[in-house]
Amino acid sequence: MDDIYSLDSFYRRSNALGRLDPPLTLEQRRAVDSHWGDVTAEPGGVDYRERELGGVPVLWAEPIAAAADRVLLCLHGGGYVGGSIYTHRKLYAHLAKAVGARAVLPAYSHTPERQYPTQLDEVTAVYRALLAGARPEHIAVTGDSAGGGLSLSLMLRARAQGLPYAAALAPISPWTDMTQGGPSIRTNRPTDLLFGGEQEMDIDGLVRMLLPPTVSPADPMVSPLFADLTGLPPMYIQVGGGEMLLDDAVRLEQAARKHGVEAELDIEPGEQHTFQMGAGHSGVADAAIARVAAWLRPKLGL
């Protein structure tokens, strides 16, 4: 499908706009990104509430008849420079509805206005606040792209601070290696409609905006692929076979298993980065979300 509801079309337009001369300003780029969620259909039967949790603005997505005591902590993608609780609310509402749990999306800070570790500090504050009202075995953490990597960093931070782990992790197209060391960064450039093509997106530029000079891109807290994952919750990793970050997911599964963590890798052949954003318009996206939900439900005791 190649129309307004197609993620592929949105990525092609976004990639083309990235090649303009002069380049888009940051504000213009964010205005484009604000339409990311247009490719996702409204799930229906979901109420939304904007609140604050742990001092951080959040959006609750609450499906009708969802278990009130089961929570998905959902960390949106966007390379830390874009994306929002609004662009991703429908995606995670679809997932929450399929799981039968409530979802909460933190509005963590963007770069370059705020650098690391601000984003990790904020989602940790939200997680700590969730623990004050919910049992850890009733919380699962998910996230896409930058949010997928951040979900892993959150559990590493929880370990460092003596907080209990969540019941499960479900990273989607996770960005786990800020050194860009995976072979697919190069081999999948021709098939990646967002990051690749004639002019590859400056992923290293995103890293420079996020990290202060004192933090290496190989630091395990920002590139959890290089962390000791021992003891982390079981994880279900989902990724598109056509995207440049494919090997960030493949190597994560290998690293998790090496450290004794239960891990399952789900590669959808030929699909794009965070292809699940097509939920409600794409049967492939809907089926993928259903697989994540089927894996999460027993982890949450549902």
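**Close-up views of helix contacts, cavities and loops**

**View 1. Helices H4 and H5 at their contact.** H4 and H5 pack with their axes 10 Å apart and at an angle of about 65 degrees (axes are lines fitted to C-alpha atoms over the stretch in contact, and angles run from 0 to 180 degrees between N-to-C directions). That angle makes H4 roughly perpendicular to H5 (65 to 115 degrees; under 35 is roughly parallel, over 145 roughly antiparallel and the rest oblique). The crossing in which H4 passes H5 is right-handed, which means that the near helix is turned clockwise from the far one by less than a right angle. From H4, the residues Leu-120, Asp-121, Val-123, Thr-124 and Tyr-127 meet Leu-150, Ser-153, Leu-154, Met-155, Arg-157 and Ala-158 of H5, where contact means heavy atoms within 4.5 Å. By class, this contact of H4 with H5 is made up of seven nonpolar, two polar and two charged residues (Ala, Val, Leu, Ile, Met, Phe, Trp, Tyr, Cys and Pro are nonpolar, Asp, Glu, Lys and Arg charged, the others, including Gly, polar). The model is predicted, so local features need pLDDT of at least 70 and side-chain atom pairs pLDDT 80 or more, while totals for chains, interfaces and linings use all residues. Residues are numbered from 1 along each chain as its sequence is written, and side-chain values use heavy atoms, without hydrogens or water.

View 2. The structure holds two cavities of 30 Å³ or more (sets of points on a 1 Å grid over the protein atoms alone where a 1.4 Å probe fits but cannot get out, lined by residues with an atom within 4 Å of a point). The largest cavity contains about 60 Å³ of space, a volume being the space filled by probe spheres set on the points. Around the largest cavity stand Tyr-80, Tyr-116, Gln-119, Leu-120, Leu-150, Ser-153, Met-178, Leu-210, Met-221 and Val-222. Helix H4 (118–131) and helix H5 (146–160) are the elements that give two or more residues to this lining (helices of at least four residues and strands of at least two are DSSP runs, numbered from the N terminus). In the lining of the largest cavity, eight residues are nonpolar, two are polar and none is charged.

**View 3. The second largest cavity.** The volume of the second largest cavity is about 40 Å³, and its lining consists of Leu-91, Tyr-92, Leu-95, Ile-172, Gln-238, Gln-276, Ile-289 and Val-292. Two or more of these lining residues come from each of helix H3 (89–99) and helix H9 (283–299), and H3 gives the most, with three residues. Six nonpolar and two polar residues, with no charged ones, make up the lining of this second largest cavity.

**View 4. Helices H3 and H9 at their contact.** The axes of H3 and H9 lie 8 Å apart, and the two helices pack at an angle of about 50 degrees, which makes H3 oblique to H9. H3 passes H9 in a right-handed crossing. On the H3 side, Leu-91, His-94, Leu-95, Ala-98 and Val-99 meet Ile-289, Val-292, Ala-293, Leu-296 and Arg-297 of H9. Eight nonpolar residues, one polar and one charged form this contact. Leu-91 and Leu-95 of H3, together with Ile-289 and Val-292 of H9, belong both to the contact and to the lining of the second largest cavity.

View 5. Phe-10, Ser-14 and Leu-17 of H1 make the contact with Arg-29, Val-32 and Asp-33 of H2, a set with three nonpolar, one polar and two charged residues.

View 6. Most peptide bonds are trans, and most residues other than glycine have a negative phi. Between Thr-111 and Pro-112 the peptide bond is cis, with omega near 0 degrees, and Pro-112 is placed in the loop between strand E4 (101–106) and H4. Ser-145, in the loop between strand E5 (139–144) and H5, has a positive phi of about 60 degrees although this residue is not a glycine.

Conventions. 1 Å grid on protein atoms, 1.4 Å probe; cavity = no way out; pocket = protein on both sides within 12 Å on 5 of 7 lines; lining within 4 Å.
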